[in-house]
Amino acid sequence: MLLRDRMCALALIFMFLCSAFAIHQGNQSIAKLSAERDRVSALLAAQNSDRANDIPEAGADAGDLAYYSFYAATDSSHAWSFIALGNRSFEPPVQRIRMLGLQGQLYDGQVQNPEISAVGSFDFAFIAVFLLPLLCIVLGHNVLSSERETGRLALLQACAKQLNTLALRRACVRAGCAFLAIFLPLLGFAIFKQLPALPLLYVMLALLAYTAFWTFAALWLAPAHRSSAVNAVRGLTLWTLLVLVLPQLGQMLINQLIPVPQGKQIALAHRQSVASAWDIPKHDSFKVFFGAHPEWQNTAPVLVRFHWKWYFAFHHAADMQLAKTVEDFEQRVRERQRAADALAFLSPSIALQAALEIIADSRIERVLAKRKAILEFHTQLRRYFYPYIFEERLMTQVDFLKAPKFNVALKR
Amino acid sequence: MRRSVITAIVYTQWQRWLRDRAVLSLAVCMSVLLLCSVWLSVQHARSQAEQRTVMQAAAQADWDAQPDRHPHRVVHFGDFVYKPVQFFAGFDPGVELYAGSSVYLEGHRQNSANFSEASQSSSLQQFGALSPAFVLQTLLPLLLIFLGFSSISQEREAGLLTQLLASGAASTELIVGQFLALLSAALIALIPLVALVLYAWVGSAADALRGAVLLLGYAAYASICAAIITCVASQVRSTHAALMACLTLWVFACVAGPRLASQSASAAFAAPNWVEIEVAAETKLKQIGDSHDPNDPYFAEFKRRTLAEHGVARVEDLPFNYGGLLMQEGERMTAEVFNTLNTELQAQFAAQNQRVRNVAWLNPMMALSALSMSAAGTDYAHHAHFLRATEVRRFAMIQALNKIHTEHTTFVSDKDQRVSASFWQKTPRPAYQAPGIGIAQPILLQSALILLVWLALALGLLRWAANRLARG
């Protein structure tokens, strides 16, 4: 009895420490990503201000400025993103965007250490989804069987009504302890950092439901007449199925059944479209471009071999021609996420992971929203530069510095 | 040690397992899972390979369809390379899901490898993918724990242990018997791997070598697991305590440990952002020489030298197109700068991975995981080889085009000229040859050494357990 209690206490302390450490780790990862974001944004801003300083009084060629100026497009995170890192561990936190064809630059910079990403992150979501159920099983598998093993079951069985109440009460106390062990560090951190309260409430509810599920699963799989060891094996088998096997099987099936070849096709088609513009009559590229921007149709025609008007027009024409493929690409990616969310009905671990990633905003939806925001920013940038380019006006320092800036927050 | 006694113990243990319905259903589950994972993983690797072959053919068709062009347009047209899929990627996908699978090769810059499967996946990717390697690394030890935790502790609990030892079975025989029973169960789980290796053998000797390393690694790992479980089961007072002790070890080794090690390794060696690399390269290149700037000192000197060499006063009088020569010199400098930066980046990643592999001295599961990825050809060392090889191909191709630019166009009205499309066919673009297992030799040696040390330790532990049991 003493040994078992000591083991329970150790498991609870271990969970408490794991939770605290995972919060710390997640927080550090987010801080590192923010630092990277700020660093790169400052770097690009400094480059642009250098460029602005080089602009003579009378102004400079807007085409040159547009071609050489890069703007930071940052990924977003918020106060609660640390609980589940999700796809943040391999999505670039900041990219650079210029006025050229967007599809040729949008997917650049996916540079991360794949061996590190492949292992998965050590964040709060991992502790909650993987380890919390193990704690529930450790605490719940011998609620009754230990009584039989110590020979007190017969005594308790004498009043059957009391036996169930006792089991239930004991299970509830243990579930409460498990919940507190993982939740108290989070609560402490939230109070210390004065984080918004609503997400904390959601996390609390999700964790309570998850703890309840696993405690009762452990209890249900652990009847008094079997040995504690066998009961533990039964609980562990369920854990293996729901936490390890089913999500992984689902991931394999989804990747297999919903292939996404469009990403690679976008890169290839964009290159082909941009490069072939040099071999076809300029008129053809302009025709596509004027379809979207008729306002520039009546500006001076391009008769020379090279003109920025034509250059930026065919770059945008390439994006226009790719619109359908891009839409298909995002559709497929969304389908994958929808299929994964449907699997959450089969496994509470998928549901909890999804819930925490939604709270943390660490899912593919954020990436797609970011790409949409980049698209809108790119459009603003084009619209800002076009008058100078198509009306062949010089751009002054003041005009250049007034160019739109990327702000992902506005688009959420 | 009497062989007959040990055989009898193994036989009895197997009989006990085969009579136990719970054990049987677990074993069936495990077999189904293992076969499922083999089938799915191989299917996935095959469809990835197919996708990439289709894309590579499309890129080739685009290349061949190029009209007469100015060579510098071809430099900007560029080329795509898709990473081929290794045979054993179906067994251990390693970094396959997380590493970019295609690179765009063009002039003036080096691009990142993009479009990894993970970047277009659902939130399930945090759980990993079900591969045979995962089943054998993580689930097999769990199954062995379920099979073995009660092997000797049960006899002890029932008070049969002293009786058993008194009846003539030596403690060594008992322990070795239990160990061999568990090991035989583990080796059965390796049968699909054996089948894969045999299949590879028919295909190529290089893959057979990879398979042999995989088999040895997994067999060593299975032995380590079986020995540790037998030890714990023989020493702990009750079956329940034996189970809990084994499970604690398993959670640390197979579930929490790898993630913790990776996370701290990536925090220990900071890697730059891709934009920082590009900006650093561009800044550096501006400093050493800007070919677009007529007053640039480096290129002014380059021009003076070239003119002096050919004894002419103007670039127009050179026997070749000076513009093309400028491109060659510029590309040489670009490649040099990018190579330095990329080498630094890859070195940071390699340092992170090395840190993880050093932690593996504490955790044989991580040693096996490294060995498995490296032997399967799906680790970072293989991926980095792909990245380096694509750069070699890029550089050779761009410089060949710049040479055509230099020799087959003239300096006057340079950009208005086109050369015959037949030149593109002659441009060197060798297909990527995946490296042999040797590329990961240091990793394989270290991992193998860790596994051997652990194997020795585990067997020593068995001996110690037998002695302790004999003393009662």
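Hi everyone, let's start with chain B: of the contacts there between residues at least 6 apart in sequence, 81% join residues at least 24 apart, a contact being two residues whose C-beta atoms, placed from the backbone, lie within 7 Å. Please remember that this is a predicted model, where local features need pLDDT of at least 70, side-chain atom pairs count only at pLDDT 80 or more, and totals for chains, interfaces and linings use all residues. Residues are numbered from 1 along each chain as its sequence is written, while chains are lettered from A and ligands numbered from 1 in the order in which they are written.

Now the overall build. Chain B has 17 helices and two strands, which are DSSP runs numbered from the N terminus (helices H or I, at least four residues; strands E, at least two). Its C-alpha trace spans about 105 × 40 × 40 Å along the principal axes.

On to the partner chain. The contact takes 71 residues from chain A and 78 residues from chain B. On the chain B side, H10(B) gives the most, with 14 residues. That side divides into 38 nonpolar, 31 polar and nine charged residues; here Ala, Val, Leu, Ile, Met, Phe, Trp, Tyr, Cys and Pro count as nonpolar, Asp, Glu, Lys and Arg as charged, and the others, Gly among them, as polar.

Finally, one helix pair to look at on screen. Which residues of H4(B) meet H7(B)? They are B:Leu140, B:Leu144, B:Leu147 and B:Gly148, and their partners in H7(B) are B:Leu182, B:Ala185 and B:Ala186. Thanks, everyone!
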